[in-house]
Amino acid sequence: MIIPQIKKTAVIGAGSWGTSLAVLLAKKGEQVCLWGHEPEHIDRLKKDRENKMFLPGFSLPAALSLTSDIQEAVKDAQCVVMVVPSHVYRGVYKAVLPLLVDSALVVSAVKGIEIGTRMTMNEVMVDESKQSHHKYHYGALSGPSFAKEVAAGQPTAVTVAFKNEKAAIAVQKLFSTEHFRTYSSVDVVGLEISGAMKNIIAIAAGISDGLGYGLNTRAALITRGLAEISRMGVALGADKATFAGLGGMGDLVLTCTGDLSRNRTVGLALGAGKKLDAILAEMTMVAEGVKTTKSCYNLAKKLDVDMPILDQVYQVIYENKECRAAVNDLFGRDLKKEDC
């Protein structure tokens, strides 16, 4: 399958991360169109030339096109970047699919797993494309990258993965700038599992901080959390080396320690005794880890993978377990040999 020359990029999803990626490409001089599903939101972006709801304080370049018409966004785009929440990903991709040009490069920048099917976003796209007469390149973009810092031009490094190495390199070159360094990979599964599961560990780290535990506890959660992510990824056929890279350890450390982390914020509030419904009601952006906890929990059971931190986060979120009891149960388990 050929690798198209990228002349136009469509970014599907006008939240903080989608906006940040679209701004990055537009500032680089790429032809890019940002799509949002709410016409009122897009109208405000056009008027203000700023995404005041999700990415305030950053101007939208004049060259950045904005639309709520998905056909207008995707038409003639050789690269489509999907940046919508995992629970609506399949529905949005269904609308995108018939509009894709042949051999299009479709990149998921979403860190989640579909609840009902336990599929990664790339698996969702492959599943939906089974009946298509055209062929497409599917990949992922992930790594330690808060949207606000990327929009501010702060040095950031991420990984782009496609099974086809030439496709990965094409998208790597598309996104690379003086301040946004991209690495290429062919391990799509490893990158997607890392991106999804680190949010769950970030909730656990937030709970630990919310309970008043210190740096020792957080370091233990990060390290043992990485072991769990690696076990899950390897069981799904990923390269274990991926989990030591930007999409694995890099993103995990950022999300477990950074004040801009939505998932850590959820954990902090849970540890402080707040109820999940109240926490989510106060948030304007999606904390993917909440829904991903359920899908990963079911996937771990299906694969028979031992994931004690995941188990405890699931019980806290979905079975109303007390946070301190969850920590006590983690540390009260039978002693084991360390596996990394």
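Biologist: How far apart are the closest N and O atoms in the salt bridge of Glu338 with Arg224?

Modeller: Side chains of opposite charge can pair when their charged atoms come close. A salt bridge is a side-chain nitrogen of Lys or Arg within 4 Å of a carboxyl oxygen of Asp or Glu. For Glu338 and Arg224, the closest N and O atoms are 3.8 Å apart. Glu338 lies in the segment after helix 15 (323–331) and Arg224 in helix 9 (residues 215–235), so the pair ties together parts 114 residues apart in sequence. Helices here are DSSP runs (H or I, at least four residues), numbered from the N terminus.

This is a predicted model, where local features need pLDDT of at least 70 and side-chain atom pairs count only at pLDDT 80 or more, while totals for chains, interfaces and linings use all residues. Residues are numbered from 1 along each chain as its sequence is written, and side-chain values use heavy atoms, leaving out hydrogens and water.

Biologist: Is Glu338 buried or exposed?

Modeller: Buried means under 20% relative accessible area, exposed over 50%, and partly exposed in between (1.4 Å probe, protein chains only). Glu338 is exposed at 56%, while Arg224 is partly exposed at 29%.

Biologist: Which residue forms a salt bridge with Asp306?

Modeller: That is Lys336, with the closest N and O atoms 3.1 Å apart. Asp306 sits in the loop between helix 13 (288–303) and helix 14 (308–318), and Lys336 in the segment after helix 15, 30 residues apart.

Biologist: How many salt bridges does the structure hold?

Modeller: There are 13. One of them joins Lys130 and Asp127 at 3.2 Å, N to O.

Methods. Helix = DSSP H or I, 4+ residues; strand = E, 2+ residues; numbered from the N terminus.
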